[in-house]
Amino acid sequence: MNASDAVPPAAGHGEELPAVAPQLRALRRRAGLTLEAAARSAGLSPAHLSRLETGNRQPSLPMLLALARIYGTTVSELLGETVADRDAIVRAADMEPTRAGGWIYTQAGSSGRGMQALRVRVPYGSQGDIVRVHPGEEWLYVLKGRLRLRLGDAAHLLAPGDSAHFDSLTPHRLAAEDHDGVELLFVHTLLQSPTATLCLGPSTGELP
C-alpha cells in the first residue's frame with residue numbers, strides 16, 4: 001500500500017483545491033518531470049498524482065512537502081500563496097490558515113529562504129500512519145497539546161514547551177496524543193533541487 005491509500009477523497013473540501021491543482025501541474029512541468037517520474041519520487045501512483053493535479057483529490061501536508069522538494073520550490077508556491085520575496089517580517093494579518101489532508105497550517109516565514117517555517121495544527125487521528133523520510137533537518141516545538149513523535153524505532157511523547165531537532169533521513173511520523181489535537185511550530189530545510197525526494201507511506205502498525 002502506498003501513500004495514496006492513506007489520503008481520503010477531496011469531497012467536501014472543493015473550496016481548498018483550485019489554488020493547489022493548477023500549481024501542481026505547472027510546477028511539475030517547470031521542473032521538467034513527467035507525471036510518472038514525479039509520482040515515483042513522491043511515493044505516489046501516477047493516477048493519484050494526476051487526481052491531485054486535476055483537483056479530484058486533496059493533498060496532505062506531507063505530500064505537499066514531498067512535491068515541494070521534488071519540484072525545487074516551497075509549499076507556499078504550490079498553494080499559489082503570494083508573500084513578499086525575501087521580506088524579513090511576516091505579519092500575522094497576511095498569513096491565512098490553510099487546510100491540507102486534515103492538518104491546518106500557517107506560514108511563519110517568508111518565501112525564498114533555505115528553510116520553511118510553519119505553524120501547524122494536527123487534529124487527533126490525522127495522518128498518524130504517514131511515515132516520512134527525506135534529506136535535511138526538521139525542528140519542531142509543541143505549543144499546545146501533546147505530540148506522539150516516532151523517530152526510527154524510538155517513540156516519544158512531547159508536551160507543551162518540548163521540542164525536537166532531528167535528521168530527516170530518520171523515518172518519522174507525527175500524531176496528536178489528545179482528542180483536542182496538537183499545535184506546533186515546525187521548521188524544515190528546503191532542498192532546492194528537483195531531484196530531492198521525500199518517501200511517504202503508511203506504517204505497518206499503530207504508533208505506540
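This is a predicted model: local features need pLDDT of at least 70, side-chain atom pairs count only at pLDDT 80 or more; totals for chains, interfaces and linings use all residues.
I count two strands as paired if DSSP finds at least two bridges between them.

**Entry: confidence.** The protein chain averages a pLDDT of 75, and 73% of the residues score at least 70. Strand β7 (residues 154-158) has the highest mean among the elements, 96, while strand β11 (residues 199-202) has the lowest, 35.

Entry: I found pLDDT under 50 throughout residues 1-18, where the model has 36 contacts beyond four places in sequence. Residues 191-208 also stay under 50, with 69 such contacts in the model.

**Entry: strand β6.** How many residues of β6 (residues 147-151) are buried? I get 5 of the 5, so the strand is largely enclosed by the rest of the structure. Side chains in a regular strand alternate between the two faces of the sheet. I therefore looked at each side of β6 in turn, given that the strand is largely enclosed. One side holds L147, L149 and L151, the other R148 and R150, and all of these are buried.

**Entry: neighbours of β6.** Which strands does β6 pair with? I noted β7, antiparallel over 5 bridges, and β9 (residues 172-176), also antiparallel and joined by 5 bridges. On the β9 side, I found R150 bridged to R173.

**Entry: the turn.** The hairpin of β6 and β7 has 2 residues between the strands, and I noted that G152 takes a positive phi near 60° there.

Notes:
Residues are numbered from 1 along each chain as its sequence is written. Side-chain values use heavy atoms; hydrogens and water are left out. pLDDT is the predictor's confidence in each residue, from 0 to 100. Helices (H or I, at least four residues) and strands (E, at least two) are DSSP runs, numbered from the N terminus. Contact means heavy atoms within 4.5 Å. Buried means under 20% relative accessible area, exposed over 50%, partly exposed in between (1.4 Å probe, protein chains only).
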